[in-house]
Amino acid sequence: MASKVMTNNVAANNVMAETVSDAEIVAQFKQRGCWGLYTSVDLKGCDPASIRDAEKIHRFIIELCDLIDMKRFGEPQIIHFGPCERVAGFSMTQLIETSLVSGHFANETNAAYLDIFSCKEYEPSKAAEFCRNFFGAESATYQVLFRD
């Protein structure tokens with residue numbers, strides 16, 4: 001699974017997207033001396049039961065952090081809320097020693113919107129593929145940003 005890496009092109013004053021491998025992302029992260037690596041993962045057509053199960057979401061957080069070698073800091077927060085049916089669902093946060101993993105699960109559309117931010121490198125496509133498989137999503141898209 002290849003990722004879209006968004007990088008600031010100051011000279012052109014716009015954003016460019018290119019498809020690169022995890023190895024290239026990690027190498028560029030190290031070469032540039034970036035402060036952080038951010039991946040946003042959008043899942044569509046998730047298994048409805050999986051995104052409505054707080055225990056499953058808890059297990060997801062632990063397994064994702066283990067997969068990308070991030071040390072969890074404290075317990076995850078998983079809360080179901082939403083002011084209207086369009087946005088109702090679970091939201092979660094997990095502090096990690098190097099920043100944060102968070103997510104929002106939309107019951108009405110069976111979608112999930114996940115964010116992984118860390119000042120320690122990890123493999124974005126590996127993480128995105130794990131997310132897609134874990135929640136049985138029909139499709140997954142993700143983008144990667146370097147935080148300088």
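## Arg 32 and its partner

In this predicted model, Arg 32 is partly exposed, its relative accessible area being 36%. The side chain of Arg 32 meets that of Asp 148 in a salt bridge, with a distance of 2.6 Å from N to O. Asp 148 counts as exposed, at 67% relative accessibility.

## Further salt bridges

Side chains of opposite charge can pair when their charged atoms come close. A search of the whole structure finds 7 salt bridges, including the one between Lys 120 and Asp 69, whose closest N and O atoms are 3.0 Å apart. Lys 120 is in the loop between β7 (111–118) and α4 (124–134), and Asp 69 is in the loop between α3 (54–67) and β4 (77–81), so the pair ties together parts 51 residues apart in sequence. Lys 120 is partly exposed at 28% relative accessibility, whereas Asp 69 is exposed at 52%.

Glu 123 and Lys 126 also form a salt bridge, with 3.7 Å between the closest N and O atoms. Both residues are partly exposed: the relative accessible area is 37% for Glu 123 and 35% for Lys 126.

## A nonpolar surface patch

Phe 73, Leu 95 and Leu 100 make a nonpolar surface patch of about 280 Å². Of these residues, Leu 100 lies in strand β6 (residues 99–106). Leu 100 is partly exposed, with 30% relative accessible area.

How values were computed:
Residues are numbered from 1 along each chain as its sequence is written. This is a predicted model: local features need pLDDT of at least 70, side-chain atom pairs count only at pLDDT 80 or more; totals for chains, interfaces and linings use all residues. Side-chain values use heavy atoms; hydrogens and water are left out. Patches are made of residues with over 30% relative accessible area and no salt bridge: like charges are joined within 9 Å, nonpolar side chains (Val, Leu, Ile, Met, Phe, Trp, Tyr) within 5 Å. Accessible areas come from the Shrake-Rupley method with a 1.4 Å probe; for residues, only the protein chains shown count as cover. A salt bridge is a side-chain nitrogen of Lys or Arg within 4 Å of a carboxyl oxygen of Asp or Glu. Helices (H or I, at least four residues) and strands (E, at least two) are DSSP runs, numbered from the N terminus. Buried means under 20% relative accessible area, exposed over 50%, partly exposed in between (1.4 Å probe, protein chains only).
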